[in-house]
Amino acid sequence: MPLILEWGRLSSFPASATNVTIKSEGNLFTRGFHASFTAPKQDIESWVKNSPGLNESTPDKLSDNKLQYIVTPGGGANRAEVMIDYGSNRVEIYVSWS
């Protein structure tokens, strides 16, 4: 999980986070991580405020409840994005390096 936080320039997941999943993909030349969690809306909002990568990004509104952040990645990564669904209070993260 440290690479997900570094590459996405994110703060640690909220203490209230449940249904946490982390999956890796890639090979010798590429590496990617998919992570997700569910948390109360106010905890997600605090997490967003405490995450430098999200604070420096303007989210795209995908629907009434969904926001997508394209983040300037850290730690040498080439891609970082976060999708938040406030309808289900679910956060999905993807970061990659190649």
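I22 has A35 of strand 2 as its bridge partner. The model is predicted: local features need pLDDT of at least 70, side-chain atom pairs count only at pLDDT 80 or more, and totals for chains, interfaces and linings use all residues. Residues are numbered from 1 along each chain as its sequence is written, and side-chain values use heavy atoms, with hydrogens and water left out.

Strand 1 spans residues 18-26 and pairs with strand 2 in the antiparallel sense, over seven bridges. Two strands count as paired if DSSP finds at least two bridges between them. A hairpin of four residues links strand 1 to strand 2.

## Overall fold

The protein contains three helices and six strands. Both are DSSP runs numbered from the N terminus: helices are H or I with at least four residues, strands are E with at least two. Along the sequence the pattern reads α-β-β-α-α-β-β-β-β. The radius of gyration is 13 Å, close to the 13 Å of the globule rule for 98 residues, so the protein is as compact as a globular protein of that length. This radius is taken over C-alpha atoms, and the rule is 2.2 Å times the number of residues to the power 0.38.

Along the principal axes, the C-alpha atoms fill a box of roughly 40 × 25 × 25 Å. Consider contacts with a separation of 6 or more: 48% of them join residues 24 or more positions apart. A contact means heavy atoms within 4.5 Å.

The six strands form an open sheet in the order 1-2-6-5-4-3, with antiparallel pairing. Strand 1 and strand 3 (60-61) are the edge strands, and each pairs on one side only.

Strand 2 also runs antiparallel to strand 6 (residues 90-97), with eight bridges between them. F33 stands opposite V95 of strand 6. H34 has Y94 as its bridge partner. S36 faces E92 across the pairing.

E92 of strand 6 is also the bridge partner of M83. Strand 5 (residues 79-85) pairs with strand 6 over seven bridges, again antiparallel. Four residues separate strand 5 from strand 6 in a hairpin, and N89 in that turn has a positive phi of about 55°.

## Burial and surface

Of the 98 residues, 40% are buried. Buried means under 20% relative accessible area, exposed over 50%, and partly exposed in between, with a 1.4 Å probe and protein chains only. Strand 2 (residues 31-38) has six of its eight residues buried, so the rest of the structure largely encloses it.

The accessible surface comes to about 5500 Å², and carbon and sulfur atoms hold 49% of it. Areas come from the Shrake-Rupley method with a 1.4 Å probe; for residues, only the protein chains shown count as cover.

There are 9 positive and 10 negative side chains, and the centres of the two sets lie 2 Å apart. Lys and Arg count as positive, Asp and Glu as negative; His and the chain ends are not counted. Each charge is placed at NZ of Lys, CZ of Arg, CG of Asp or CD of Glu.

## Backbone angles to check

R9 is not a glycine, yet its phi is positive at about 55°. R9 sits in the loop between helix 1 (2-8) and strand 1.

N19 is not a glycine either, and has a positive phi of about 50°. N19 belongs to strand 1. At 53% relative accessibility, N19 counts as exposed.
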